[in-house]
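This report looks at how one protein chain is put together. Please keep the sequence and the structure in view while reading.

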Amino acid sequence: MQLTVLAASGPTGLSLTRQALERGHIVRAVARNPDRITVPDAPGLTKIVADVFHTDEIASALEGSELVLSGLGVPKGTKPGVLTAGARSAVASGARVIWLGAYGTGPSASVASALNRLVLKGLGAEVADKVESDAVVTEAGGTVFHAGPLSNKPISPDRRTVGLDASPRSIFRIMVSRDTVAAAMLDEAENPRFPGRIAVPLTRCPRRPMGGSPAGR
């Protein structure tokens with residue numbers, strides 16, 4: 001497939017780019033500073049300069065994309081609304097969108113633990129941006145991955161992706177590595193299971209469902 005990766009210079013974006021190339025896909029890696037896309041040059045890789053706040057620039061970068069995968073986050077100093085701006089541009093491109101969100105926000109807030117919600121309170125206005133961007137993507141039929149706290153560990157051999165109805169409540173059981181999240185997002189790209197819904201990437205399969213009623217869109 002021909003894939004476009006947003007925020008390809010960030011930790012998750014780099015993993016998405018690297019793993020997509022390893023799987024044999026053609027990748028357009030988009031970042032404000034492509035010099036920070038440290039994935040080695042490859043025949044299937046094109047690095048593109050674009051900023052989600054520059055409408056014409058990002059539209060040109062996404063034009064013709066079959067599928068957009070986002071590693072967008074909100075680094076310190078980023079202007080408010082970066083996630084929503086990115087989501088709207090991705091959806092406007094007409095591509096299928098697979099988006100990175102945060103467990104405990106929006107639809108997953110009702111099934112997350114109190115500790116998880118407490119941790120997320122520190123994000124302040126960023127939470128509203130996450131909720132809005134997630135809604136933009138799911139309403140357009142895309143998939144949003146609500147990942148728990150991220151680590152730099154390798155891909156889990158026991159990884160699973162579940163819906164909100166089967167997600168664990170404990171913040172410790174939803175901890176997952178960036179590489180595992182990227183692998184799960186690429187699995188969804190290749191074999192869609194959660195269109196228009198929230199998906200939860202896990203290091204291992206939960207022992208039993210602990211969430212409430214399905215909250216995915």
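Which side chain is joined to that of histidine 146 by a polar contact of 2.7 Å?

## Histidine 146 and its surroundings

In this predicted model, the side chain in question belongs to aspartate 134. A polar contact of 2.6 Å also joins the side chain of histidine 146 to that of serine 108. Histidine 146 is found in strand β6, which covers residues 143-147.

Is histidine 146 buried or exposed? Histidine 146 has a relative accessible area of 0%, and because buried means under 20%, histidine 146 counts as buried. Leaving aside residues up to four places away in sequence, the residues that histidine 146 touches include Gly101, Ala102, Tyr103, Thr105 and Pro107, as well as Ile198, Ala199, Val200 and Pro201.

## The sheet

An open sheet of eight strands runs in the order β3-β2-β1-β4-β5-β6-β10-β8, and its pairing is mixed. The edges are formed by β3 (45-49) and β8 (160-163), and each of these has a single partner strand, so one side of each is left without a neighbour in the sheet. On average, neighbouring strands of this sheet are turned by 25 degrees against each other, if direction is ignored.

Strands of a sheet pair through backbone hydrogen bonds, and the pairing can be either parallel or antiparallel. Strand β1 (residues 2-6) and strand β2 (residues 26-31) run parallel and are joined by four bridges, and in this pair glutamine 2 stands opposite isoleucine 26 in β2.

## Helix α6 against the sheet

Helix α6 packs on the sheet, where it touches β1, β4 (67-70), β5, β6, β8 and β10, and the direction of α6 makes about 155 degrees with that of β5. The helix has 13 residues (178-190) and reaches 18 Å from its first C-alpha to its last, close to the 18 Å expected at 1.5 Å a residue.

How many of the 13 residues of α6 are buried? The helix is mostly covered, with 10 of its 13 residues buried, among them Asp179, Thr180, Val181, Met185, Leu186 and Glu188.

Notes:
Residues are numbered from 1 along each chain as its sequence is written. This is a predicted model: local features need pLDDT of at least 70, side-chain atom pairs count only at pLDDT 80 or more; totals for chains, interfaces and linings use all residues. Side-chain values use heavy atoms; hydrogens and water are left out. Helices (H or I, at least four residues) and strands (E, at least two) are DSSP runs, numbered from the N terminus. Buried means under 20% relative accessible area, exposed over 50%, partly exposed in between (1.4 Å probe, protein chains only). A polar contact is a pair of N or O atoms within 3.5 Å; within protein, one must be able to donate a hydrogen and the other to accept it, and residues adjacent in sequence count only if both atoms are side-chain atoms. Contact means heavy atoms within 4.5 Å. The expected span of a helix is 1.5 Å times one less than its number of residues. Two strands pair if DSSP finds at least two bridges between them. Axes are lines fitted to C-alpha atoms, for helices over the stretch in contact, and angles run from 0 to 180 degrees between N-to-C directions.
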